[in-house]
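Trainee: I would like to learn how to read a protein model. Could we go through one together?

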Amino acid sequence: MRLAPVSPDDLIAAVMDARRDGVALEIASGGSKRAIGLPDRETRIIDMAAFAGIVAYDPPELVLTVRPATRLAELEAILAAEGQMLAFDPFDHGPLLGKAPGAATIGGIVAAGVSGSRRLSAGGARDHLLGFAAISGRGEAFVAGGKVVKNVTGYDVSKLMAGSWGRLAILTELTLKILPRPRHVETLALRGLSEAAAMRVMARMMGSPAEVAAAAHLPGVEPLTLLRLEGFEPSVLARIAMLRTLLGEGDVLDRDEADALWRDVRTMAPLASAPVLWRISVPPGAGAACAARLPGDKIYDWAGALVWLGADVALDPSDVSRAAEAAGGHAMLVRGPPALR
């Protein structure tokens, strides 16, 4: 059964009906992540498509209030027109699961609490969700947080909502912090490093004064370690020179080549043919040791703290879990056949 509410009152009615009938609700809109988790779930789907659009946008105040079903692609285009962007780096699961890029909604991204390569420098969705309006599981409309950056009242419930996957409440509005887009971006590439050596280099550079915005490693025939720097052009160029001095090597990539490589990290394009995709989050520096215990192709993001593993169906999930736990982290199955899910 699929319901299509158009107002908070409709949502309240749907929640109360589900409570009466003893039925679980599943919140959906773009559907970009619905292939994650148990297949053929017995739920009543709440289609949030009507809850889309900008509620309030004040570029000088760096604050945006938006409805949850607003598409990421649409939202990023509106912000880019003002020379701005979301304060966190949103991650779109769509290309990993056979959906078109940009189909993800801002509500789904915040609810899943997912972030892209700039997570280590920019923070996650939970760090920049200033406030929200929602409907609780008891059918109560409530608000939390505020619509200003310097808000210190009450409990920080917003951090609970980011990453809750829609299990705590149904979001109807979100207020997010935004930032100016960087004026200049450069990527320094190191070639031929082993996975262990790349982990050491990325950890060292993230701890340097160079203010690296993102660091990733792409193994393969010609392994590439990527270090991304952002800011004003004179600052970026000075910090690039600093990195090359510290490392004694490194090529500054052409803008198109750099964009293509970061897009590969964002969409997991090198792992597109893998029937099973695991997301393994571990402490910084533990990525290579964890991944060495598991067969398959890998991509390392977050300076090695996030391992994407493209594996065969035959890989035992318990082996993945044990490897992640041994490294002090955890593993999540993102893509796989129904029987494995």
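The dialogue below goes from the whole chain to single residues.

Trainee: What should I know before reading any value?

Mentor: This is a predicted model, in which local features need pLDDT of at least 70 and side-chain atom pairs count only at pLDDT 80 or more, while totals for chains, interfaces and linings use all residues. Residues are numbered from 1 along each chain as its sequence is written, and side-chain values use heavy atoms, with hydrogens and water left out.

Trainee: How many helices and strands are in the protein?

Mentor: Both are DSSP runs, numbered from the N terminus: a helix is H or I over at least four residues, a strand is E over at least two. Here there are eleven helices and 17 strands.

Trainee: What does the radius of gyration say about the protein?

Mentor: The radius is taken over C-alpha atoms, and the globule rule is 2.2 Å times the number of residues to the power 0.38. For 341 residues, a compact globule would have a radius near 20 Å; the protein has 21 Å, so the two agree. Along its principal axes, the C-alpha trace spans about 65 × 50 × 35 Å.

Trainee: What share of the residues counts as buried?

Mentor: Buried means under 20% relative accessible area, exposed means over 50%, and partly exposed lies in between (1.4 Å probe, protein chains only). In this protein, 50% of the 341 residues count as buried. For the surface itself, areas come from the Shrake-Rupley method with a 1.4 Å probe, and for residues only the protein chains shown count as cover. The accessible surface comes to about 15600 Å², and 53% of that belongs to carbon and sulfur atoms.

Trainee: Is His-93 buried or exposed?

Mentor: His-93 has a relative accessible area of 2%, so it is buried. This residue is placed in the loop between strand 6 (84–86) and helix 3 (106–112). Leaving aside neighbours within four places in sequence, His-93 is in contact with Ser-32, Lys-33, Ile-36, Val-114 and Val-334.

Trainee: Where is Ile-45 found?

Mentor: Ile-45 is in strand 3 (residues 44–47). With 11% relative accessibility, Ile-45 counts as buried. Beyond its neighbours within four places in sequence, the contacts of Ile-45 include Met-1, Arg-2, Leu-3 and Glu-26. Sequence and space can also be compared for a pair: Ile-45 and Leu-306 are 261 residues apart in sequence and 31 Å apart in space, C-alpha to C-alpha.

Trainee: How many salt bridges does the structure hold?

Mentor: A salt bridge is a side-chain nitrogen of Lys or Arg within 4 Å of a carboxyl oxygen of Asp or Glu. The structure holds 15 salt bridges. One of them joins Lys-159 and Asp-127, whose closest N and O atoms are 3.8 Å apart. This pair links distant parts of the chain, as Lys-159 is in helix 6 (residues 158–161) and Asp-127 in helix 5 (residues 125–128), 32 residues apart. Lys-159 is partly exposed at 28% relative accessibility, and Asp-127 is partly exposed at 35%.

Trainee: What should I look for in phi values?

Mentor: Most residues other than glycine have a negative phi. Trp-165 has a positive phi, near 55°, and Glu-211 has a positive phi near 55°. Trp-165 is in the loop between helix 6 and strand 9 (169–180), and counts as partly exposed at 35% relative accessibility. Glu-211 is in the loop between helix 7 (195–206) and strand 11 (214–218), and is exposed, with a relative accessible area of 57%.

Methods
Contact means heavy atoms within 4.5 Å.
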